[in-house]
Amino acid sequence: MPTAQEQTTARIPQRVIWLALAGAVGGFLFGFDSSVVNGAVDAMKDEFALSEAVTGFAVAIALLGCAAGAYLAGKVADRYGRIPAMKLGALLFLVSALGTGFAFSVWDLIFWRLVGGLGIGLASVIAPAYISEISPRKIRGRLASLQQLAITTGIFAALLSDALFATSAGGADQAFWLGIEAWRWMFLAAALPAVVYGWVAYTLPESPRFLVFLGKEDEARKVFDAIAPTEDTDRHIRDIREAIEEDKLAGQKGSLRGKAFGLQAVVWVGIILSVLQQFVGINVIFYYSTTLWKAVGFQEKDSLTISVATSVTNILVTLVAIALVDRIGRRPILLAGSVGMAVSLGVMALAFASATGTGADITLPGAWGPVALVAANVFVISFGASWGPLVWVLLGEIFPSRIRARALGLAAAAQWVANFAITLSFPVMAAASLPLTYAMYALFAAASFFFVMFKVPETNGMSLEQAETLFVPKGSVKA
Ligand code: BGC
């Protein structure tokens, strides 16, 4: 652990902040590409005369692409490096933006969305891995939280760009520049950040930890010296090398396998953190907010404005996490977030228990409307200041270097599958019982509290090599 003096005296090199920001461009594309479909979906449905089922499939298919992309990212990044994985991600984003924008039919559109999903999945793994690996430990939490800041900014930018195209053209289905419909421009717009991401990938140095893994210690030393001149580079490299050696001696040989149900315990911790982050139902708020806001008494036309406002809130609260994560640590923030989420979701369950009407025509009587509105916002704030950013921070720092990208890939793939399950099940569950649906999310939020309490050790202020020792002896996780 660094001394208090070390914490305060070391200067933060500008270069490392730039590298982390550049690495986080992948997060922006993650947010942008996963939300851009919102504004395009109705026009797309009309253009290709789609049924509800095919529309739902065209929207949700990207999430499965994300899961596959996350898994693939781990393999590519551990084998060829973090930068080649970023370049591949940028290419997939670009191809998908052009493909969806110029789609001929719903079938090629679905294919291009799958390709875009692969890119999102890749970016969701590479950004946290890269940022953690280049960050000095005392600011690693802050820099790794930039990933979430980028995701939330990407979500906001997509909603805004969708709204701008739709209003400028007079509707998402109306012709705009070059006679191409606005909904197509919404997808084409993603080509711009994709090109920026590709350019950034060409300018970034490879992760120094990956270089040590390849035995290229001189190159790793140069990168460490450039990004953190105040830290002891030799000690750093020695620690990384030793951690790699220990891993080899422990017979792990870079494998994810272990004694805990076939996997190393730390891999399970990553998977469970990921799944819980989705099982609290955050994306129900982002994907299905219209029904919620209408139930609370807003008109349909106001719901886009409210969604944009929610996405701004989501960006702002990420700043709270950035301010606190390296000061008070990961665990207190996660625990407080779990309490906030469990209580607010519990209140939403109560509010919807007194609802009248069904389906899209549901209303909340008396004070329950404003109560639900406040609770939904408290939920977004609690998530955005805690589990949103911190799960990505932890996924970047809990795994040993030798398996980091693959383990992160598996955990992120689990997160995308969990996201898919929640997204697909919400309409059915909501039709059966909204109070029970929210109560279930509240239970998962409560479970997330106990999981952190007993299974997630504090990693604040530690080097990545120190952090990985918290999860040995293998096969059991120490609290
Ligand atoms: C999650 C996304 C979610 C976003 C909302 C991210 O951390 O991975 O699924 O949409 O937060 O802010």
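A polar contact is a pair of N or O atoms within 3.5 Å; within protein, one atom must be able to donate a hydrogen and the other to accept it, and residues adjacent in sequence count only if both atoms are side-chain atoms. The model is predicted, so local features need pLDDT of at least 70 and side-chain atom pairs count only at pLDDT 80 or more, whereas totals for chains, interfaces and linings use all residues. Residues are numbered from 1 along each chain as its sequence is written, and side-chain values use heavy atoms, with hydrogens and water left out.

**Figure 1. Overview of the protein chain.** The secondary structure comprises 23 helices and one strand (DSSP runs numbered from the N terminus, with helices being H or I of at least four residues and strands E of at least two). The radius of gyration is 22 Å, close to the 23 Å that the globule rule gives for 479 residues, so the chain is as compact as a globular protein of that length. This radius is taken over C-alpha atoms, and the rule is 2.2 Å times the number of residues to the power 0.38. The C-alpha trace spans about 65 × 50 × 45 Å along its principal axes. Of the 479 residues, 58% are buried (buried means under 20% relative accessible area, exposed over 50%, and partly exposed in between, with a 1.4 Å probe and protein chains only). Among contacts with a separation of 6 or more, 80% join residues 24 or more positions apart; contact means heavy atoms within 4.5 Å. The accessible surface is about 18,800 Å², and 67% of it belongs to carbon and sulfur atoms (Shrake-Rupley method with a 1.4 Å probe; for residues, only the protein chains shown count as cover).

Figure 2. Side chains of Gln277 and Gln278 each place an N or O atom 3.0 Å from an oxygen atom of the ligand. For Asn314, a polar side-chain atom lies 2.8 Å from a ligand oxygen atom. The protein covers 97% of the 310 Å² of accessible area that the ligand has on its own.

**Figure 3. The shell around the ligand.** There are 13 residues around the ligand, and Gln148, Gln278, Asn283, Asn314 and Gln415 come nearest; a residue is near a molecule or strand if one of its heavy atoms lies within 4 Å of it. By residue class, the shell holds four nonpolar, nine polar and no charged residues (Ala, Val, Leu, Ile, Met, Phe, Trp, Tyr, Cys and Pro count as nonpolar, Asp, Glu, Lys and Arg as charged, and the others, Gly among them, as polar). At least two shell residues come from each of helices H8 (140–169), H14 (265–279), H15 (282–287), H20 (387–397) and H21 (404–432).

**Figure 4. Leu273 in helix H14.** Leu273 lies in helix H14 and counts as buried, at 0% relative accessibility. Not counting residues up to four places away in sequence, Leu273 touches Trp387, Val391, Leu394, Phe451 and Val456. Ala411 is 138 residues from Leu273 along the chain, yet their C-alpha atoms are separated by 8.2 Å.

**Figure 5. Pro128 in helix H7.** Helix H7 (residues 106–134) contains Pro128, which is buried with a relative accessible area of 1%. Apart from residues up to four places away in sequence, Pro128 touches Ala123, Gln147, Trp392, Gly396 and Leu408. Between Pro128 and Ala67, 61 residues apart in sequence, the C-alpha to C-alpha distance is 16 Å.

**Figure 6. Helix H3.** Helix H3 (residues 25–35) has 10 of its 11 residues buried, so this helix is largely enclosed by the rest of the structure. The buried residues of H3 include Leu29, Phe30, Phe32 and Asp33.

**Figure 7. Two loop residues with positive phi.** Ala49 sits in the loop between helix H4 (37–47) and helix H5 (52–79), and Leu178 in the loop between H8 and helix H9 (182–188). Phi of Ala49 is near 45 degrees, a positive value in a residue other than glycine. Leu178, likewise not a glycine, has a positive phi of about 55 degrees. Ala49 is exposed, with a relative accessible area of 69%; Leu178 is exposed, with 77%.

**Figure 8. Two buried threonines.** Thr233 belongs to helix H13 (residues 233–249) and is buried at 9% relative accessibility. Leaving aside neighbours within four places in sequence, Thr233 is in contact with Arg221, Phe224 and Asp225. Thr437 is found in helix H22 (residues 434–455) and is buried, with a relative accessible area of 0%. Phe426, Met429 and Ala430 are touched by Thr437, not counting residues up to four places away in sequence.
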